[in-house]
Amino acid sequence: MNKKPKAIIALVLTVLTVALLIWTCFYAGGKYVVFDPKGPIGQTQKELIILSTSMAALLIVPVMFLTFFIIWRYRDAPDNKAKYEPHWDDSKKLETVWWSIPIVVILILAVITARYTYLLEPSKPMASTQKPVTIQVTALDWKWLFMYPEEGIATVNEIHIPKGVPVRFELTADAPMNSFWIPQLGGQIYTMSGMAMKLHLQADQEGTYFGSGANFSGEHFGQMRFDVEVQSDEDYKNWVANIKKQSKPLTKDGYLALAKPGLSQTDEYSSIPDGLFQDIVTKYVVEGAPNPHGGHGGASTEGSSKSGSTDTGTMSNMNMSGHN
């Protein structure tokens, strides 16, 4: 039986599948939020994804089509007249082509990756004339606590930030290791007990953005989600003022109750205990013992500043770049 029609059908199906994937990702209105960045870090990461994927496609796409062509061209069929020479010793020209092209592509990818890795280092402050907003993030079972040390307020499972202002996140965990992620603003970074990580992001458009934990952390890890409300500077100040007037304070006993495993709705607190974030970071440090993480990004055991913000060491993210 002539296998040519089957080969053509397989090729057509492959092309249609690739076209469908591209269409759904970019033109079908799907919520692929990574490709819809709303801040400079997210935009830079999108550029890196597109550049890396395009460079990889220079190798993958020709190899896929050549594989199909070779299988079809030299198929076992009675009417196949293709010349077949299986006993070549070598071919200098072919070997030069299929070794030199991948080497060049890999070298280009190495330069691109190295450049973006330093550019996206999460602990590096963003260049801006605006003073950053500091938010201290604590991953709990199974909820997020956000403390604003300069404003003296706290929230659960919601973040409010002003548009166009850099945000300095300080992150830790009082529960299993997790991963903090706001896809449209920047890539994820891990939260770990006994450590205070740093992450700088910025949102350039007002709106509500999706945030979540991106790490398996137990029974309800899929519900560790939060909203990021990006507001004008005036609306942000009004939001802070309303919390101070209308919400209850967060006490140390209240924090201990909140830290117990379980789900939680959004909540707001008009004040926070002094040094609470530093206490969480150093919770497992034995008095008089050296900090086991001190040499590679762990939190300083020294007292926090007046605002409650810790000036701790940082640990670069363990993905392809600091912000990703």
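## Strands S1 and S2

Strand S1 (residues 133-140) runs antiparallel to S2, and the two are paired over five bridges; strands are DSSP runs of E with at least two residues, numbered from the N terminus, and two strands count as paired if DSSP finds at least two bridges between them. This is a predicted model, in which local features need pLDDT of at least 70 and side-chain atom pairs count only at pLDDT 80 or more, while totals for chains, interfaces and linings use all residues. Residues are numbered from 1 along each chain as its sequence is written, and side-chain values use heavy atoms, with hydrogens and water left out.

A hairpin of two residues links S1 to S2, and Leu-140 has Lys-143 in S2 as its bridge partner.

## The two faces of S2

Strand S2 (residues 143-148) is mostly covered, since six of its six residues are buried, where buried means under 20% relative accessible area (1.4 Å probe, protein chains only). In a regular strand, side chains alternate between the two faces of the sheet. In S2, Lys-143, Leu-145 and Met-147 point one way, whereas Trp-144, Phe-146 and Tyr-148 point the other way.

## Strands S2 and S3

S2 also pairs in the antiparallel sense with strand S3 (residues 153-156), over four bridges, and Leu-145 has Val-156 in S3 as its bridge partner. The hairpin of S2 and S3 has four residues between the strands, and Gly-152 in this hairpin takes a positive phi near 75°.

Terms used:
Buried < 20%, exposed > 50% of the residue type's maximum accessible area, 1.4 Å probe, protein only.
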